[in-house]
Amino acid sequence: MTGATRYRVCDLLVESSVPLPELSQVEGGSPDCRFEVLPAAEGFAEDAHWFHQWITADKETWLKLADRGEDYLLRFLDQGDFLISRDGRDVRCCPLPGTPESTIRHLFLDQAVPLVLSLWESLVLHASAILTPQGVIAFVGKSGQGKSTLAACFGQSGFRLISDDYLVLRKMALRKMVEDWFAIPSYPGVRLWPEASDGIFSVPPESAEIAHYTDKRRVSDPALVPFAEGPSALRCLYFLNDQGDAFLPEPSILPLRPREAFMKLVSCAFSLDVRDKVRLERQFEAIGQITAQLPCFQLEYARDFAMLPAVRRMIVDQPVRSGL
Amino acid sequence: MTVVLNDHLRIPEEVLTSKVGDETVLLNLQTGMYYSLDPVGTRFLEVLQRTGRLDEVHHALLEQFDVSTAKLEADLLKLSQDMLARGLLVKDGE
């Protein structure tokens, strides 16, 4: 690619034909993945077998996935198409006319990249995560359940961010023989609704547009949300639900049975090809190990920003109580 | 599909199982569907995996749980039938 720049996302080295200001640039090294944005058009030709789709809470299809021989085709309705090579090494985007650059970058960084990573990694979860002195704590949940708000709340208190929306977990051993599940930092910044930003930060933070179709904005100031530098062992998972109980006077943390945690993790795991038995098997094994080894809790709290400091305190104390 | 107590059953290759705590999660790779079994269902599966025989499962669970022969038989046949219908078990030889 002529004029391409290299960036780091998770520990993936991406060579991109367009600037990705959300990521830190990297000199040298051999890219793991190439990203190219093609001129706007009406999408890639449709000689494809559609095999899966993602539906919003409003029951609307917003992403369709297809098999196109050598590639997977991701069609983000009203935004554009992404072609991902079967080995995940090449990603090409053909945006629809009028799709802004920020939206293309968001779709690549926050939608295509976790799906590409799901081809290589044991487990990529829909989760935010922060680093505590005891290790990494993950907040697992679907869109709109409060992952970013919790991550920002911890970040604002000095805890380092591991991930805002997708969490890569890898089994490895660092400085010791015993293998642990490690969380790989994704990239700096949290995506917040304006009211969440107002509720967390005393002074309105600098923020950037994420995509033209959402009011969420990206807060990346390292003084407000510091970013973790390297992988750390995952110690605990908290599962979020839809709205929380508006009448709950204080937060509650309930232990989950391993089977309950297993089924919840399955529903929050990224998978580019749900038909791929080898990867399904790998994911199944990873989830089984994680739910057997790590404490998993259901976190309930009223979605009131004034409640967040109490939620944070309770979570910070929890690893001590559970013997971590 | 009718199941009787002297049937030989097994978990097909395309079904993965994982024991989590005292319960079990199953994944049917053909359909991508996940299922779970409670502790009693987990015990059922453990004995079945070891012996492959429903009557052996009946015998083992009768010793372990306070339940009548007829009730246990009915429950085992119903669970086996459900699992066969979902592709989580097959009759041996199939």
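Of the 94 residues of chain B, 45% count as buried, where buried means under 20% relative accessible area, exposed over 50%, and partly exposed in between, with a 1.4 Å probe and protein chains only. The structure is a predicted model, in which local features need pLDDT of at least 70 and side-chain atom pairs count only at pLDDT 80 or more, while totals for chains, interfaces and linings use all residues. Residues are numbered from 1 along each chain as its sequence is written, chains are lettered from A and ligands numbered from 1 in the order in which they are written, and side-chain values use heavy atoms, with hydrogens and water left out.

## Chain B

Chain B has three helices and five strands. Helices (H or I, at least four residues) and strands (E, at least two) are DSSP runs, numbered from the N terminus. From that terminus on, the elements of chain B follow the order β-β-β-β-α-α-α-β. A compact globule of 94 residues would have a radius of gyration near 12 Å, and the 13 Å of chain B agrees with this. The radius is taken over C-alpha atoms, and the globule rule is 2.2 Å times the number of residues to the power 0.38.

Three strands of chain B form an open sheet in the order β2-β3-β4, with antiparallel pairing. Its edge strands are β2 (15–20) and β4 (33–37) of chain B, each of which pairs on one side only. Neighbouring strands of this sheet are turned by 20° against each other on average, direction ignored. Two strands pair if DSSP finds at least two bridges between them. Strand β3 (residues 23–28) of chain B is joined to β4(B) by five bridges, and the two run antiparallel. Within this pairing, B:Thr24 has B:Leu37 in β4(B) as its bridge partner.

Helix α2 (residues 54–64) of chain B has the buried residues B:Leu54, B:Val57, B:His58, B:Ala60 and B:Leu61. An α-helix has 3.6 residues a turn, so residues three or four places apart point the same way. The cover over the buried residues of α2(B) includes β1 (9–10), α1 (39–51) and α3 (69–85) of chain B.

## Chain A

Chain A has six helices and 20 strands. Its radius of gyration is 19 Å, close to the 20 Å that the globule rule gives for 324 residues, so chain A is as compact as a globular protein of that length.

Two parallel pairings share strand β4 (residues 33–37) of chain A. Strand β2 (residues 12–16) of chain A pairs with β4(A) over three bridges, and A:Glu15 has A:Arg34 in β4(A) as its bridge partner. Strand β9 (residues 90–95) of chain A pairs with β4(A) over four bridges; here the bridge partner of A:Phe35 is A:Val91 in β9(A).

Strand β13 (residues 166–172) of chain A is mostly covered, with five of its seven residues buried. Strand β10 (residues 123–132) of chain A runs antiparallel to β13(A) and is joined to it by four bridges. In this pairing A:Leu169 in β13(A) is the bridge partner of A:Leu123. Five bridges join β13(A) to strand β14 (residues 180–184) of chain A, also in the antiparallel sense, and A:Lys171 stands opposite A:Trp181 in β14(A).

## The chains side by side

Contact means heavy atoms within 4.5 Å.

| Property | Chain A | Chain B |
|---|---|---|
| Residues counted as buried | 53% of 324 residues | 45% of 94 residues |
| Span of C-alpha atoms along principal axes | about 55 × 45 × 45 Å | roughly 35 × 30 × 20 Å |
| Contacts at least 24 apart, among those at least 6 apart in sequence | 64% | 51% |

## Where the chains meet

13 residues of chain A are in contact with 19 residues of chain B. The area buried between the two chains is about 1,400 Å², of which carbon and sulfur atoms give 70%. Buried area is the accessible area (1.4 Å probe) that two parts lose on being put together, summed over both. A:Arg259, A:Lys277 and A:Phe284 supply 44% of the area that chain A buries against chain B, more than any other three residues.

Helix α4 (residues 258–267) of chain A lies across β2, β3 and β4 of chain B, running at about 175° to β4(B). Axes are lines fitted to C-alpha atoms, for helices over the stretch in contact, and angles run from 0 to 180 degrees between N-to-C directions.
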